[in-house]
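Here are my notes on the model you sent. Please read them with the coordinates open.

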Amino acid sequence: MYGNTMIQITSSPDGPRLIMDVPASGLPVYLDNWAIIDLAKHDPSRRKRFIEAVHAGAELLFSFANVVELTGPKERSFHLVKRFLDDLGPHWVAIGLTPFTVTEPNGLVSGETCISPALIEAFCRNRSAGYSGKIMSLDADFFRLGSVVDWVANSEVLPKRSAEFDDLLRTVRDRRAAYERNPFLAQSFDPSKPASFAWFNLTKILIIESKSHQVEAGDGIDFCHAVMGSAFAKFATLDTNWKRRVEALPKPNRLARIYGPRELDQMVTDIELALQRRE
């Protein structure tokens, strides 16, 4: 078991097969990578409080978008991020990356469908690579998230994914001419399809903004952070522009509360208060 998600391993002709139970019941928190780096490197008191909050019932939602961007930190930052992720223990849940496939009427549903079997399977295969013929213990140490940093450091494929998502986002923004011919209305919030709601309405905002803002490197991954973090967390960090866009989405909705680069202290305080209310 890692976090609150049960994992079983069964044998199959193709090798070990992972089976995952329902998602975490903890208080879900999503961190854009700038927040992971900031929490890891700065203000030891805030770092300690966040880690304690995670151990007390908060749960980090971690996606392939985080994995891809972990190719960024170097040298000292690399080791500090790894140590920070390790200190979170097994209190994390792997969630999906790509909201580009979220379309009506088959939008992602909150709950078990936000979990990414592909990410946790890739993680487990990487961690178990040296266990051939040995007994493997799926204990808290096995699910140390800091091992992801080593995995990313040795990957030649993951850095390319960011550029791929930028290209996908450009195809979304290229719809401006069609939108001007036939503008579409914003979508109202459906609690069973939070990612679909975020995807659809953020797409509309991006199309409207396309005259004044072109897609830059990293925007595709940031779009993934915005959709998945706002849809499935209670508290999420995004950069200033994506925070503005999410907060401009139609209300009422039940998306995460979003925090920008100057609001990490407030986020940690709010998580602590939310955990106290759950006691």
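1. Accessible areas here come from the Shrake-Rupley method with a 1.4 Å probe. On that basis, the accessible surface of the protein chain comes to about 13,500 Å². Carbon and sulfur atoms account for 52% of that surface. Keep in mind that this is a predicted model.

2. Overall make-up. The protein chain has 12 helices and seven strands. Of its 279 residues, 51% are buried. Take the contacts between residues at least 6 apart in sequence: 74% of them join residues at least 24 apart.

3. The sheet. Five strands form an open sheet with parallel pairing, in the order β5-β4-β3-β6-β7. β5 (92-95) and β7 (257-259) are the edge strands; each has a single partner, so one side of each lacks a neighbour in the sheet. From one strand to the next, the twist averages 30°. β4 (residues 58-63) pairs with β5 in the parallel sense over four bridges. Leucine 61 sits opposite valine 93 in β5.

4. A helix on the sheet. α12 (residues 264-278) lies across β3 (27-30), β4, β6 (235-237) and β7. Its angle to β6 is about 165°.

5. Cores. The largest nonpolar core has 34 residues. Among those touching the most other members are Tyr30, Leu61, Phe223 and Leu249. Elements giving two or more residues to this core include α3 (64-69), β5, α7 (158-173) and α9 (194-209). α10 gives the most, with eight residues. A second, separate core holds 32 residues, including Val29, Val67, Val81 and Leu264.

6. A salt bridge within one helix. The structure holds 10 salt bridges. In one of these, the side chains of glutamate 52 and lysine 48 meet at 2.5 Å, N to O. Why are these two separated by about one helical turn? Because they are four residues apart in helix α2 (residues 44-55). Glutamate 52 is partly exposed, at 41% relative accessible area.

7. Arginine 244 bridges to glutamate 209, with the closest N and O atoms 2.9 Å apart. This pair links helix α11 to helix α9, across 35 residues. Arginine 244 is partly exposed at 40% relative accessible area, whereas glutamate 209 is buried at 15%. Lysine 243 forms a salt bridge with glutamate 263, the closest N and O atoms being 3.4 Å apart. Lysine 243 is in helix α11 and glutamate 263 in the loop between β7 and α12, so the pair ties together parts 20 residues apart in sequence. Lysine 243 is buried, with a relative accessible area of 15%; glutamate 263 is partly exposed at 30%.

8. A network. Asp38, Arg46 and Asp265 are joined by salt bridges that share partners.

Key
Residues numbered from 1 in each chain as written. Predicted model: local features only at pLDDT ≥ 70, side-chain atom pairs only at ≥ 80, totals over all residues. Heavy atoms only, no water. Pairing = 2+ DSSP bridges. Axes fitted to C-alpha atoms, helices over the stretch in contact; angles between N-to-C directions. Contact = heavy atoms within 4.5 Å. Core = buried A, V, L, I, M, F, W, Y, C linked by side-chain atoms within 4.5 Å. Buried < 20%, exposed > 50% of the residue type's maximum accessible area, 1.4 Å probe, protein only. Salt bridge = Lys/Arg side-chain N within 4 Å of Asp/Glu carboxyl O.
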